[in-house]
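Please open the model in your viewer, keep the selection tool at hand, and follow the stops below in order.

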Amino acid sequence: MKPGIIFDMDGTLWDSAAPVARSWTETIKREGYDGPVLSEADIMRVMGMTMEAIADKLFAPLEKAERTRLMHVCGEEENAYLEKHGGMLYPKLEETLTVLSKQYPLYIVSNCQSGYIEAFLSHYGFGHFFSDILCYGDNLKRKAENISILAKRNGLERAYYVGDIQADYDATVEAGYDFIHAGYGFGSIASEVPFIKEFAELPVLLEKLERKRSDI
């Protein structure tokens, strides 16, 4: 049986840091806060965190309830902004997804808010590539739990998780699946793992990994 391929979003499929920074800055000002203009670098530093953790980091001076409220508003506005404007896709993403989807079932698990993955899929018309999606905002569960939930509900006996930061690797190991490092993304991995330098390398790497597995 073919393994499932589960993708992280930010730093793996696309880089949305610049448009997210613009969207959040506009939203914060509209909500009446005299905060600093958020930069692309500010957003990149929190990519991969849950929305709650991002709120605690970026909006620390606010009371907990207000941090949560502002983060929710920013997330809603961000989804609408990204659905309209998109982000930066990594090179040959669509072509590579076309190849992969003919060989493997594809999925997405992210620590984002509800609606974020849907905005990505809607803007680019990529919904037909993916069999299922799940995110932190859907159930407030950690990434390791959501990888397991998605895998189990889709009957995946095996799966590869493709992500770019150490937290992705840690979650994958905890969930009990194989990991592939998107080495072009936002982070590094402390362990020696299979990796790709660009997204287009993924089909060849998967073929090698599957061939090696069958030879054992």
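Begin by selecting α1 (17-30) and α3 (51-58), each of which supplies at least two residues of the lining of the largest cavity; helices here are DSSP runs of H or I with at least four residues, strands are runs of E with at least two, and both are numbered from the N terminus. Before going further, note that this is a predicted model, in which local features need pLDDT of at least 70 and side-chain atom pairs count only at pLDDT 80 or more, while totals for chains, interfaces and linings use all residues. Residues are numbered from 1 along each chain as its sequence is written, and side-chain values use heavy atoms, with hydrogens and water left out.

**The cavity**

The structure holds one cavity of 30 Å³ or more, and the volume of the largest cavity is about 210 Å³. To see where its centre lies, select Asp10, Met47, Gly48, Met49 and Ile54, which are the closest to that centre of the 22 residues in the lining. A cavity is a set of points, on a 1 Å grid over the protein atoms alone, where a 1.4 Å probe fits but cannot get out, and lining residues have an atom within 4 Å of a point. Grid points are joined across faces, edges and corners, and a volume is the space filled by probe spheres set on the points. If you colour the lining by residue type, it divides into 13 nonpolar, four polar and five charged residues, where Ala, Val, Leu, Ile, Met, Phe, Trp, Tyr, Cys and Pro count as nonpolar, Asp, Glu, Lys and Arg as charged, and the others, Gly among them, as polar.

Return now to α1, whose 14 residues reach 20 Å from the first C-alpha to the last, close to the 20 Å expected at 1.5 Å a residue; the expected span is 1.5 Å times one less than the number of residues. Select its buried residues, which are Ala17, Pro19, Val20, Ala21, Ser23, Trp24, Thr25, Thr27 and Ile28, with buried meaning under 20% relative accessible area, exposed over 50%, and partly exposed in between (1.4 Å probe, protein chains only). What covers these residues includes β2 (14-15), α2 (40-44), α3 and α4 (64-85).

Which residues does Ser23 contact, leaving aside its neighbours within four places in sequence? Ser23 has 3% relative accessibility and so counts as buried, and with those neighbours set aside it is in contact, meaning heavy atoms within 4.5 Å, with Glu77, Glu78 and Tyr81. Just after α1, look for Gly32, which takes a positive phi of about 95°.

Next select Thr50, in the loop between α2 and α3. Thr50 counts as buried because its relative accessibility is 19%, and, apart from its neighbours within four places in sequence, Thr50 is in contact with Asn111 and Tyr136.

In helix α9 (residues 166-175), select Asp168, Tyr169, Ala171, Thr172 and Ala175, which are buried. They cover an arc of only 165° around the axis, so they sit on the same side of α9; the arc is that of the directions from the helix axis to the C-beta atoms. The buried residues of α9 pack against α8 (143-153), β6 (159-163) and β7 (178-182).

Move on to α10 (202-215), where Leu202, Pro203, Leu205, Leu206, Leu209 and Glu210 are buried. Their arc of only 160° around the axis puts them on the same side of α10, while the face turned away from that buried side carries the exposed residues Lys212 and Asp215. The buried residues of α10 pack against β1 (4-7), α5 (93-101), β6, β7 and β8 (195-196).

**Two loop residues with positive phi**

Most residues other than glycine have a negative phi. Select Lys92, in the loop between β3 (88-89) and α5, which has a positive phi of about 60° although it is not a glycine; at 51% relative accessibility, Lys92 counts as exposed. Finish at Leu140, in the loop between α7 (136-139) and α8, which is not a glycine and yet has a positive phi of about 60°. Leu140 counts as exposed, with a relative accessibility of 61%.

Definitions and conventions:
On a 1 Å grid over the protein atoms alone, a cavity is a set of points where a 1.4 Å probe fits but cannot get out, and a pocket is an open set with protein on both sides within 12 Å along at least five of seven lines; lining residues have an atom within 4 Å of a point.
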